[in-house]
Amino acid sequence: MKIIAMIPARYGASRFPGKLMQDLGGKPVIVRTYEAAKETELFDEVYVVTDSDIIFKVIEESGGKAIMSKKEHDCGSDRIAEAVENMDVDIVVNVQGDEPFTSKSGLEQVLSVFNGADAEKIDLASLMTEINDWKEISDPNAVKVIVDKDNFALYFSRSPIPYPRDKNVAVQYYKHKGIYAFRKNALMDFYRLPMRSTEAAEKIECIRYLEYGKNIKMAISNTQGIEIDTPEDLVRANKVLKETKNVSVNNKYRNFPMVPKVVFGSGSFDQLTSIISPERKDKAPFIFIVDDVFKNNQEFINRMNLRFNDKLLFVSTAQEPKTEQVDSIVKNIKAEFTYAPSGIIGIGGGSILDLAKAVSLMLTNKGSAADYQGWDLIKNKGIYHVGIPTISGTGAEVSRTAILTGPEKKLGLNSDFTPYDQVILDPELTVGVPKNQWFYTGMDCYIHCVESLNGTFLNEFSKSYGEKAYDLCMQIFLEDNLTEQESREKLMMASWHGGMSIAYSQVGVAHAMSYGLSYVLGTKHGIGNCIVFDYLDEFYPEDVKIFKKMKKIHNIEIPQGICSNLTESQMESMIDIALSLVPLWENALGDDWEAIATRDKLRNLYLKM
């Protein structure tokens, strides 16, 4: 199916003449809109169709594609129809030229209806957004729409529809958003059919489709954009663009979510059934993703109390979780079950907890997990997910990231939607963890604290968590006065606090370089951090001394020489991966980090390992 985007662009505008050529962050508005449509990568081609020599020229000078409209037209649909009349295309998307912040998610929503069960009935699709302010509901500049039970449009109006004669009836009002996706034949019918009186009275072109029996499918999108209809809108758009450019992982006030519900205590795992019961939906299973170390532990499996069509997936942690592994699990779940799962339950160490978070997210976000490796790329809330750590230290139970190795990088799905909806902290579940593994994950927590507390992103909020976790690590790994139970409980709390500290701060040099080891050599995260941290005296001198003391006390041998036989290609790839993690270096070394963390410095450090 060939899909193109057309951006109708008329130079004259009654309320704001020449608005499409106004400056928006150093580029004309119409260029910003064109680039936003291209960047979505949803279209085979993107065109601006215009009646203006000025707009035509600026689009071509910007490397875009423009079509000169030959005739005067009453509306954008007519202008587009003229342009596509002789094109071989299936779906034509009308992107409004005065909406430079057009989002990919909105365009994906309007296109997704053509993949639904009723796709054959649809002549065109459009978007609507919920509105609740009576001032906007009664504003004639805001076009309202009412739909049937299947979200097919019944009518569009500038008046409030439905009219609330009975004030006691709860009504959801919807505002029409000016993004359309037409089947070409429906668009050409519109072009050839005359305007009738209802459309003429309301001045809403969608009414023509309804009057001639066309079916308009509406999708709900509550993404807020900015339409530039007035000079005041342009001022606001420039402000938004400036703020967007300045937003980084290290913004001044970090409005990140916390895990909303957590239960702690020995034996609390047995509350799992009652905790998840209110979330269970009819015919919708819970998917349990569990470390395969428990595969033959029937007593533990029985405690999970699987019901109905719940599914138990045992996953090996011999390797770090990969994006393709997430994609495979999601594909299999969708193929096996008619209904989306009631929830995902992750039971295991950091790898399993990250995997479960990623599966939850990818069940509601299209494409591959590799598409979302980075900061704030996830746009849709995942399904309900519960984290139950059986190893302490990684902080994965509380963090806003799910670390995955992809085809090009190792990086987390870092978003507001990643943290668990529920966490169960049961120290009993960590009984029997092998000593080396206990040390490596514990040191992951210790290194979290060190990197957070020494970082430039540090604030009092993250500092309070980091200091508590650091003190707990000192007690656990340096002192000799704790019972085994106390040690387990304290390490579980250290993991939580360390994870909270980096959620509101960031990690640093050890994690950046450890990601390089993991991507190229497959080194597990905890041991990779230890291998790297052993050589970071230059960056964390006192804390590395303490780390070496901890190694000696617990008689831990860190692997040596793992980078001694790297090919040049492997070394370059390892350095590339490490240096790509810009926020980690910014936290560790500040704005001038590139002058310190040079390729030669990283090469020399890796060669020591």
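Colleague: How many disulfides does the structure hold? After that, please look closely at helix α18, and tell me which residues of α18 are buried.

Modeller: This is a predicted model, in which local features need pLDDT of at least 70 and side-chain atom pairs count only at pLDDT 80 or more, whereas totals for chains, interfaces and linings use all residues. Residues are numbered from 1 along each chain as its sequence is written, and side-chain values use heavy atoms, with hydrogens and water left out.

The structure holds zero disulfides, a disulfide being a pair of cysteine sulfur atoms within 2.5 Å. C563 is accordingly in no disulfide, and the nearest cysteine sulfur to it, that of C530, is 15 Å away. C563 counts as buried because its relative accessible area is 1%, where buried means under 20%, exposed over 50%, and partly exposed in between (1.4 Å probe, protein chains only). C206 is buried as well, at 1% relative accessibility.

The axes of α17 and α18 come within 8 Å and cross at roughly 120°, each axis being a line fitted to C-alpha atoms, for helices over the stretch in contact, with angles running from 0 to 180 degrees between N-to-C directions. That angle makes α17 oblique to α18, because angles under 35 degrees count as roughly parallel, over 145 as roughly antiparallel, 65 to 115 as roughly perpendicular, and the rest as oblique. The crossing of α17 with α18 is right-handed, a term used if the near helix is turned clockwise from the far one by less than a right angle, with left-handed used if anticlockwise. On the α17 side the residues are A510, H511, M513, S514, Y515 and L517, and they meet H525, G528, N529, I531, V532 and F533 of α18. By class, this contact has seven nonpolar, five polar and no charged residues, with Ala, Val, Leu, Ile, Met, Phe, Trp, Tyr, Cys and Pro counted as nonpolar, Asp, Glu, Lys and Arg as charged, and the others, Gly among them, as polar.

Helices α1 (residues 29-39) and α2 (residues 53-61) have axes that come within 10 Å and cross at roughly 50°, which makes α1 oblique to α2. The crossing of α1 and α2 is right-handed, and the contact is made by I30, V31 and Y34 of α1 with I55, V58 and I59 of α2. The residues of the contact of α1 with α2 divide into six nonpolar, no polar and no charged.

Notes:
Helices (H or I, at least four residues) and strands (E, at least two) are DSSP runs, numbered from the N terminus. Contact means heavy atoms within 4.5 Å.
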